[in-house]
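Hi everyone, thanks for coming. Let me put the model up on the screen, and then we'll walk through it together.

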Amino acid sequence: MASKKTNPNKVSVEDSNSRRDFIKKSGLFTALALTPPSLVMASENKWDEKIAEYLETVPLSIEVNGKKHNLNIEPRTTLLDLLREQLQLTGTKKGCDHGQCGACTVHVNGTRILSCLSLASMQQNAQVTTIEGLSKGKKLHPMQEAFIKNDSFQCGYCTPGQIMSGIACIKEGHANSREEIREYMSGNICRCGAYHNIVDAITEVKEGGKEI
Amino acid sequence: MKNFQIIRALSAASAVSNIKKEKEAMFIAGGTNLVDLMKKNVVAPDKLVDITALDLKQIEFLKGKVSIGALAKNSQVAEDASIKEKHPLLAQALAAGASQQIRHMATVGGNMLQRTRCSYFYNTDMPCNKRVPKSGCGAIGGVNRMHAIFGASESCIAVHPSDMCVALAALDANVLVEGPKGKRQIKFTDFHRLPGNTPEKDNTLEDKELITSIEIPDNNFTKNVHYLKVRDRSSYAFALVSVAVALDLKNDKINDVRLAMGGVAHKPWRLTEAEEFLKGKTISEGIFKQAADLAMRGARGYGDNDFKLTLGANAITEALTIAASK
């Protein structure tokens with residue numbers, strides 16, 4: 001112990017060697033624990049062919065909120081995880097992750113879908129709109145304004161999904177009565193129970209006739 | 001979710017030939033059920049064949065029938081003006097299923113192939129003969145409120161969850177498939193099967209066969225039809241019991257009738273005896289009740305779902321009454 005304390009260089013060399021050994025032995029496991037973007041980078045740079053072999057990625061071209069992305073992703077990546085984890089668009093929420101709550105609703109090629117049940121690898125050349133893509137500069141989308149005005153949320157977690165779904169509900173022509181809105185919004189669950197005010201907001205936007 | 005390979009097929013033939021070579025390969029279209037099952041590790045394919053680029057999305061009105069491509073979306077069919085006019089029962093059943101987001105994703109073929117929502121099937125810690133053959137059935141003697149009252153076996157009391165399929169069974173549809181051995185046609189009522197000793201098989205598709213379309217023969221069921229769905233909340237829930245009714249009436253006399261139930265069996269449950277009883281009779285509440293009693297003969301509960309015996313009879317009477325009054 002005493003000799004080590006008086007000879008710090010030696011300790012340093014030993015440490016360095018053992019670390020290198022450790023990295024060498026556990027390369028694959030370390031790689032598996034990496035987040036997907038770093039893994040993609042690793043695979044592109046051929047840092048470790050084992051990584052690419054074990055976790056094969058596929059190329060994906062996708063447009064999100066008007067911005068084009070060329071990515072390499074694992075086939076099992078859902079559109080929701082791609083948006084949140086790789087593109088850092090965390091406005092789209094992960095509620096149940098099993099298609100039961102609607103919090104992950106986004107528009108793909110103009111149609112509302114559940115991003116948690118969509119494989120990103122099947123969205124080649126798709127145009128995706130998320131809650132982040134609605135406002136024009138600092139000007140909020142009419143549905144966002146209506147949600148604020150009508151107090152259409154409490155905790156706010158389901159709100160991005162509710163807003164994406166509400167816009168689609170009107171565009172589809174399914175907002176002609178409160179009953180019809182409730183039926184066609186039934187895929188968006190709100191645990192705070194703000195349903196009445198959500199229907200108010202959608203009704204107001206529908207009747208306001210603004211371009212959505 | 002286990003990682004997998006994915007390839008995109010550009011024709012039905014290439015889809016079938018691609019999948020033929022792989023043991024643990026599956027087709028994927030809407031993915032609304034399959035992706036969920038993969039997340040839960042209920043199924044874990046090594047390879048997916050993406051069939052969404054195939055040209056199987058059209059709804060075509062041909063001589064004597066309508067042909068609906070297997071990749072037509074549930075919302076596309078539910079909102080098609082001609083389907084609403086000529087096959088309103090199908091449009092109603094589709095609109096009663098899932099949510100609009102899921103209907104935009106889910107295809108007709110995928111709707112047919114969706115797995116049961118039995119919670120024991122989904123929970124990989126529990127026994128389930130459908131998921132792991134010979135492992136036992138957790139639902140028999142377990143929590144079985146959603147389960148079958150008709151045609152179940154000692155191996156499985158799960159139900160098929162589709163609404164669309166109940167209407168298609170009632171409307172005498174046919175299923176067109178393509179597989180390694182070529183093309184063939186299956187009667188819709190023969191497509192899904194009862195569990196017996198092999199509940200792992202939901203239907204009569206052969207290995208690696210692909211559904212390409214369904215066909216519905218023309219009929220006169222354009223007015224007095226109703227799809228009644230009884231569920232725990234008013235929308236976006238699976239049926240406890242559902243009833244599809246199609247009546248062809250002439251001066252209150254029943255020329256022709258179709259009756260089928262959902263949420264009660266391992267397959268859409270066609271009520272042919274009740275249909276035969278109703279044919280030629282004049283509509284009345286008494287006749288409808290007799291038909292319902294006839295339809296419920298042979299039904300049995302498993303404890304939590306005993307209420308379905310009364311609910312089923314009431315739902316049939318109610319659906320017939322609503323359809324007749326349209």
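**Chain A and its helix 8**

In chain A, 56% of the contacts with a separation of 6 or more are between residues 24 or more positions apart; two residues are in contact if their C-beta atoms, placed from the backbone, lie within 7 Å.

A word on ground rules. This is a predicted model, where local features need pLDDT of at least 70, side-chain atom pairs count only at pLDDT 80 or more, and totals for chains, interfaces and linings use all residues. Residues are numbered from 1 along each chain as its sequence is written, while chains are lettered from A and ligands numbered from 1 in the order in which they are written.

Chain A has 10 helices and 5 strands (DSSP runs numbered from the N terminus: helices are H or I, at least four residues, and strands are E, at least two).

Buried means 20 or more other C-beta atoms within 10 Å of the residue's own, with C-beta atoms placed from the backbone. Among those buried residues are I163(A), M164(A) and C169(A).

What covers them? The cover includes strand 3 (105-108), strand 4, helix 7 (142-149), helix 9 and helix 10 (195-208) of chain A, together with helix 6 (100-105) of chain B. Just after helix 8, G173(A) takes a positive phi of about 80 degrees.

And the partner chain: 25 residues of chain A are in contact with 20 residues of chain B. Strand 4 of chain A gives the most to that side, with 4 residues.

Key: A residue is buried if 20 or more other C-beta atoms lie within 10 Å of its own, exposed if 12 or fewer, and partly exposed in between; C-beta atoms are placed from the backbone.
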